[in-house]
Amino acid sequence: MSPEQAEMTALDIDTRTDIYSLGVILYELLAGALPFAPEELRRGGFAELRRRILEEEPPRPSTRLSALGERSTLVARSRGADLRTLHRQLRGDLDWITMKALEKDRTRRYASASELAADVERYLHGDLVLARPPSAIYRLRKLARKHWQAATAAALVVAALAVGLVASLYFARDAKRQASIAQELSRDVFRLSDVSRLDSLLSAAEGLWPASSENAPAMARWLEQHDRLVEGREEHLERLSRLRAMALPYGEEDARRDREGHPDAARLAALEQRRKGWSEEVARLRDKGYSGAGVIILADRGLDGRKVPTAYFRRGLTAREPGRFSGLRWRLLAADGAVVYLNGREVRRANMPDGDFFHETQALSRLAGSDLEAYKEAASPNLLQEGDNLVAVEVHPADRTEGSLRFDLELAGLQASGEPIPLIEKAAEWQFQDGGEDLRDGWKLARTKGSTGWATGRAPFGCGFAEGQGRLAELRGLLARLDGEIAVLTARVSVRRTWRFADDETQWWHDGLVRLVERLDSDLAKGVRERYEFARQVRSRTIDGWRALWDEAVAAIADLKRCPPYQGLRIAPQEGLIPLGPDSDSGLWEFAHLQTGEVPERDEGGRLLISGKTGLVLVLVPGGRFRLGAEPAAGAAEMAGADPQAKPNERPAREVEVPPFLISKFEMTQGQWARIAGEDPSSYHGQLRPAENVSWEMCHTVLARLGLILPTEAQWEYAARAGTTTPWWTGADEPTLAERAENLADAAFRQSVIKLGRKPEAYAVETWDDGHKATAPVGRFRANPFGLHDVLGNVEEWCRDWFGNYGLPLGPDTERQVPSPEFHVSRGGSYHRDAEGSRASVRYDRPRDYRFNFIGLRPARALAPASAN
C-alpha cells in the first residue's frame, strides 16, 4: 500500500502508486525482506500500518539485509554470493534506486515504470544512475570503473594491446548477456508487480464502504484498475508455462499430496461414499427381484389378495431372441393344488393329488427364426411377452394342520431345439406351526437351498413391487448423475498442483505467478461491481425517485401540530432510506433501508408486513433528556425511576441529552445479516429470527458496510425506555411482561433446559409460557411506546461504547469516553434471562470478540444534516 493509498482519499492515485509497488518488490528481491516487518504491522493493526507507511522511512536494502541476522546469510546464498559481497553490491546505487521508488512524496518518485527500468539498466551497464546525487567523486569513480581498459592501455600501450582487445571482446559479450538478463529481470519485475498491485487493490476494497453515491467514483476507479490487471492474464500464463518447462519431475508422492490437499478432495470423498451407499441399495433391490435378474420372491398373498403362500419369479428374457429361447417351464412339488399366472394372467389351475405339477409354455420352437411381428401375431396370452416376464405360482395347502409343505421351483428356458437351459432351481421347506389368520404367523420358511438366496416380503400386484422398481430406477438415475459429478471432480483433483524447482528463486517466481493467476481467475471484483452499481443508483432509487414522499416526510416531521414528538425537527432526505410513513401507534416516522432487503408494505391497520426478504426498518427517534441508569429505592424514594433491583454498575444515574437519531424497529434478522455478510453464524436458524452468535467486531464490520453503526448505551436505553421511567417499559412489576411483551426465560425455556439434561434450578426463569424456548421471529411480541420490538427480550444487543462508569464524560453523540477501554457493552434481556435480568438499566461487559447465541444487534444510524441534500 502506497502512502497516497494509506491516506484513503483516492485523490492522488496514479501510475506513481504502481512505482511504489515496484519499489516494494525490488526491495524484497534485493534484501530478502519487506521494508516493514509484517509481524509488527499485524500486531499494530490497520491504524499502525497507515501511520508507519505515512510517517516512517524504511531502512535502505543494505541496512535491512544486515538486520536480518542469521537469515541474511541464507539470503546471500540464494543470490549466489556471500554476505559481504551482497552487502557491498547493494550499498550505493541499488540503495538509491530502491529508495527513490519508495519516496513518500509521489512527485519525487520515478515518473514511470520505464524510467525505473532505465535506471536499473544504467546500473547494470555501469553508467550514472539518476537516483543518486551526481557528485564529482561519484562521476570520477564511475568513469574510472567503466573505462579502466583505456587507463590500462595508456599505461601499458603496445604491450597490453592484445590483452586489451581480448578483454574488450569478452566484456562486450558479457555486457550483452547482462543486458539480456536485465531486460528479462525487468519484465519479470513488472509482471510480478501485478501481485503487489492486486494485493493493494484487495486492501483498498475493504475501504470502499458503504455503497453510497459519495463512494461511487472511488469504486469506479478501483474497477478500472482491476480490469487492467485482468488484461495481462494471458502474458502471465505464458511466462508461467515457460517456468514450468524447467520444473523437476512430478513423482507419485507429489501426485498423492496434490490429490489429498486439493480443496475438492473432501467433497469427492463424500460423493464416493454416497455412491457406495446407493450402489449397496441397488444391490439389495436386485436381490429382492426388482431388477428382473431371475430372483424368486416369496409373499404371503396371492394375486387376488388371499392369504396363500405365493412364489414370484422374473427373468429378463425377451421375444427378440427367439433363436435362443422358445419358452419357459417350471415345476413344483406341493401338498395340494396350485394356480399359475404368466404376466398377470392365469394360465393354469391344477389339483395335485399325486403331489406333482409341471407346466410349460406353449412350444415356440416352430417360431424359431421368425421375426418379431410374426411372433406377436401368432402369440397367445399364454406366450412370453417382449421384455421381462413375470411368473407367479400360488401354492394352496390342503388344510392348516400341523405338517410340512415341500415347495420346489425350477425355472428353465427352452432353446429353439426344445432342450431346456436350467436358469434357477430352488427348494424350500415350509413348516405350518399354528392356525393363525396371518400366514406369516403360520407358515414359516424353515430351510432354503440353491445358488440364489430367497427374499421374503411384499411382491407384485399391489404388494410393493412397483415401488421397488421405481426406487431402483430412481437410484440408477441418481448414480448416473453422481458418476458424472465424480468424474468432473476426479479430473479436477487429479490436476498437477505441485511444481518444484532446483533453485529457490525460480520457485519464488513461479509461486508468485500462480497466486496472481488464481486471483485473477476468481471473480474478486464481483462484490465491488455489485456495490458500485448500487452506489451509482442509490440516490435516484431512494431520494430522486421518492421526492414527493420525502417532501411529505420532511414537512410532517417539522410540523409541531402533525408530529409534536419531534418538536419542529428539520431533516434532509436520507440517502439509502425510503419513507414508510408514521407508525399507527407511536406516531414516529419509519424508513426502509434499501440495501438490506425489500421495502415492506403496511396492512389495512397500518402494521408492517415483514418477511425473511424484508430489509431493516429504521425509526426516527426524537431527541430528549432522560435519566441514564438506575438507583435503588433506598435514598431515592422520591426519585422518578427508582429501582430496588439496581446493580452497582447501573449507577450513578445521570441526566443525558440525546439528539435525534435513527434506530432499527426490530433486531437485525438472519436474512438481513446473511445478505450483507454472506453467511449466517446463528444457532437458532430462521430468516426472521434475530441474528445471534455475533461478536462486537463482527457487528462493527458488517454495519460499516451499510453506513450504519451500533447505538451508544445512552441511545439504546433512551430508545428502550421510550419515555418511561419504570424498570421495564411495561411497568414497575414483572407480571406486566407476561402478556407477550418480551421473550424471556420462562416455562418453555425451562423445558428445553430439562431436555438438554441440565439442571433447571441453575437458571432463573419466570412461571409464564410465551411459547418460545429460544429466539422468536422478530416482531412477534408487543412494541414499546416508540414502536420498537423485543428491546428487553429475545437477544441481548451490542452497544458501541466501551464499558465504563456512568460518571465518565460523554461525547457529542453520547458515546462514553473511556480512558483505558477493555470491554464493550451488551444491553437488554433475552430468552436466556428472567425479568430481573432484563430490566432497561441492566448492562453486561463483554470482550469485543465474545459470541453466544443470546447476543445480537439492533443497528442505528446518525441523521444526515439538513443541509446535506
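Arg846 counts as buried, at 10% relative accessibility, where buried means under 20% relative accessible area, exposed means over 50%, and partly exposed covers what lies in between, using a 1.4 Å probe and protein chains only. The model is a predicted one, in which local features need pLDDT of at least 70 and side-chain atom pairs count only at pLDDT 80 or more, while totals for chains, interfaces and linings use all residues. Residues are numbered from 1 along each chain as its sequence is written, and side-chain values use heavy atoms, with hydrogens and water left out.

Arg846 belongs to strand E22, which covers residues 843-846; helices (H or I, at least four residues) and strands (E, at least two) are DSSP runs numbered from the N terminus. The side chain of Arg846 makes a polar contact of 3.3 Å with the side chain of Ser826, a polar contact being a pair of N or O atoms within 3.5 Å of which, within protein, one must be able to donate a hydrogen and the other to accept it, with residues adjacent in sequence counting only if both atoms are side-chain atoms. Leaving aside residues up to four places away in sequence, the residues that Arg846 touches include Glu796, Trp798, Phe823, His824 and Phe854, where contact means heavy atoms within 4.5 Å.

The peptide bond from Trp209 to Pro210 is cis, with omega near -10°, and Pro210 sits in the loop between helix H10 (161-205) and helix H11 (216-231). The bond from Arg651 to Pro652 is also cis, with omega near 10°, and Pro652 is in the loop that runs between strand E17 (624-628) and strand E18 (654-658).

Although Arg740 is not a glycine, its phi is positive, at about 50°; Arg740 lies in the loop between helix H23 (713-721) and helix H24 (747-755), and with 35% relative accessibility Arg740 is partly exposed.

Thr814, likewise not a glycine, has a positive phi of about 75°. Thr814 is placed in the loop between strand E20 (796-802) and strand E21 (824-827), and Thr814 is buried, with a relative accessible area of 3%.

## The protein as a whole

The protein has 24 helices and 24 strands, and buried residues make up 46% of its 869 residues. Among contacts with a separation of 6 or more, 68% are between residues 24 or more positions apart.
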